[in-house]
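Please look over the sequence and the model shown here before reading the report.

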Amino acid sequence: MSDAMIGREGQVYGRGRLSFLGMDQVTAEATTIEVAGNESSAQFFTAAPSDRDQRSGYLTSDRQGATVRLPVGVGSLIGRVVKYAGSAPLAVAVDAPGGVRLPGGGFEHGASDWRIAVTAVADDAAVDPGAVRIDLSAALRPHPADSGPRSEWPSDVADSRLSLECTLDPATRALAYGSMSTTLYGDAPGEAPQRTTRTTAASMRLAATPVGADGGLFARTDDGRLVSVIYFLSTFTFCAPFRETRSSTGFVEGREDPVRVSLRGVDLERVRDLLTMSRHAVVELVSDDVGSVQYTRDNSDGPGDRDVAVQARLAFDLRDDGLRLEYLVRPRENASLSGAFTLPWEILILGRWTGRYGRSRVLAGGA
């Protein structure tokens, strides 16, 4: 995990280079490329020479290179391969508007005639196992349908092209996209409380990030155990805590969950918005069915008993060590469940649940 190419604000990097063929005066090359977009789309690529901070493990970059903006819709195709790494490579040839912003600012230059190939490397390959390689090129000329404000390319680059190659390793893909690769699984040691590292907004540690090899995210309890957390389509799920164990690759080794709580209508994006105005927020759900509680039967392969949740109270508190959640859940037939856990800043940044603004406010001591 400590080799993952992640920035302190959640930036994603790959190894590669960006160059402009036939334009020696603005050639921009780098050993690292920043890949930006959302969690499922790689829309922007920036030549961004970077260094790894030896204390935190995160990459740092001045982002002074050129930026390539892909045509609309192409980034989501690339993002799907990066996330799921299907065996079939992706090949795209599309003559559509895109853009290039050269170092120094100003308007974008137009680009067209895009040719893109995305290849997933097998987990048992001799070179770059589990990685995804992106190769693209484009003509240095605007598309006729591009009506936005554009800078003019020099007249002597009419037949020139940009060329970009970028490789995302499996550890980076797991942290940034929730991808899974068998290369990340190692021999799991016994219970390892020495792995538990308490971090703060000012002392984040990449290697301490509680993430599974399949991209699963975890929170911490006050006594140092881990809680699996899942957020999907406004449904927030968390499971009973377990003792932290990690494989030799540094990723969390999960285990069966005896209790799983799923609550509908818990919009973490909305909670994030509330936390931009205050570091405290409370969400209360009351109805005949706000979610469910799943209980695993002992010595059984079945899913276990399920009870309907009729009430839930979630109190969020943005603190120096992350986002603390105190919960009270009332099932219809079984005893109430209560507890607390904290999503550390490493997870908040990866999950985009508070953004860097929330962390900056905590560092500044805002109310």
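The report below describes a helix and a group of strands.

## Basis of the model

This is a predicted model, in which local features need pLDDT of at least 70 and side-chain atom pairs count only at pLDDT 80 or more, while totals for chains, interfaces and linings use all residues. Residues are numbered from 1 along each chain as its sequence is written, and side-chain values use heavy atoms, with hydrogens and water left out.

## Helix 1

Helix 1 covers residues 74-84, and its buried residues are Val-74, Gly-75, Ile-78, Gly-79, Val-81 and Val-82; buried means under 20% relative accessible area, exposed over 50%, and partly exposed in between, with a 1.4 Å probe and protein chains only. Because these residues cover an arc of only 165 degrees around the axis, they lie on the same side of helix 1, the arc being that of the directions from the helix axis to the C-beta atoms. Arg-80 and Tyr-84, on the other side of helix 1, are exposed.

Helices (H or I, at least four residues) and strands (E, at least two) are DSSP runs, numbered from the N terminus. Just after helix 1, Ala-85 has a positive phi of about 50 degrees.

Two residues separate them in a hairpin, and Leu-233 in the turn has a positive phi of about 50 degrees. Strand 14 also pairs with strand 15 (residues 259-264), in the antiparallel sense, over five bridges, with Thr-237 having Ser-262 of strand 15 as its bridge partner.

Strand 14 (residues 235-239) is largely enclosed by the rest of the structure, because four of its five residues are buried. Ile-230, in strand 13, counts as partly exposed at 39% relative accessibility.

Definitions and conventions. Pairing = 2+ DSSP bridges.
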